[in-house]
Amino acid sequence: MARQQIDDLAALRRDARDRTVPLADILRSCLDLARQTQSVQLREWVTAELKGYWPFDAVPDYRRITAPIF
């Protein structure tokens with residue numbers, strides 16, 4: 001891993017622990033890291049989290065709302 005990637009990952013970890021950093025900023029940092037590492041899976045996940053999931057995408061369980069309809 002290149003030095004810049006290590007520094008970016010350290011900054012990402014720091015920001016993830018900082019409650020004052022907006023989640024969207026952290027996700028954009030993840031997107032930069034995905035581009036640097038050429039990680040297609042990370043890029044696709046981050047893009048879906050930032051822009052929303054399309055109707056036919058596999059939506060993660062943590063994004064599903066389970067509530068009764070009255």
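In which kind of crossing does α2 pass α3, left-handed or right-handed? In this predicted model, the crossing of α2 past α3 is left-handed. Helix α2 spans residues 23-37 and helix α3 spans residues 40-51, and their axes come within 9 Å and cross at roughly 155 degrees. Angles over 145 degrees count as roughly antiparallel, and α2 and α3 are therefore roughly antiparallel to each other.

On the α2 side, the contact is made by Ala 24, Leu 27, Arg 28, Cys 30, Leu 31 and Ala 34. Helix α3 contributes Leu 42, Arg 43, Trp 45, Val 46, Thr 47, Glu 49 and Leu 50. By residue class, this contact of α2 with α3 comprises 9 nonpolar, 1 polar and 3 charged residues.

The largest nonpolar core consists of 8 residues, namely Leu 12, Val 21, Ile 26, Leu 27, Cys 30, Leu 31, Leu 33 and Val 46. The greatest contribution to this core comes from α2, which supplies 5 residues. Val 46 is a member of this core and also takes part in the contact between α2 and α3. When residues up to four places away in sequence are not counted, Val 46 touches Leu 27, Cys 30 and Leu 31.

Asp 15 is located in helix α1, which covers residues 3-17. The relative accessible area of Asp 15 is 18%; buried means under 20%, so Asp 15 is buried. Apart from neighbours within four places in sequence, Asp 15 is in contact with Val 21 and Ile 26. Both Val 21 and Ile 26 belong to the largest nonpolar core.

Definitions and conventions: Residues are numbered from 1 along each chain as its sequence is written. This is a predicted model: local features need pLDDT of at least 70, side-chain atom pairs count only at pLDDT 80 or more; totals for chains, interfaces and linings use all residues. Side-chain values use heavy atoms; hydrogens and water are left out. Axes are lines fitted to C-alpha atoms, for helices over the stretch in contact, and angles run from 0 to 180 degrees between N-to-C directions. Helices (H or I, at least four residues) and strands (E, at least two) are DSSP runs, numbered from the N terminus. Angles under 35 degrees count as roughly parallel, over 145 as roughly antiparallel, 65 to 115 as roughly perpendicular and the rest as oblique. A crossing is left-handed if the near helix is turned anticlockwise from the far one by less than a right angle, and right-handed if clockwise. Contact means heavy atoms within 4.5 Å. Ala, Val, Leu, Ile, Met, Phe, Trp, Tyr, Cys and Pro count as nonpolar, Asp, Glu, Lys and Arg as charged, and the others, Gly among them, as polar. A nonpolar core is a set of buried Ala, Val, Leu, Ile, Met, Phe, Trp, Tyr and Cys residues joined through side-chain atoms within 4.5 Å. Buried means under 20% relative accessible area, exposed over 50%, partly exposed in between (1.4 Å probe, protein chains only).
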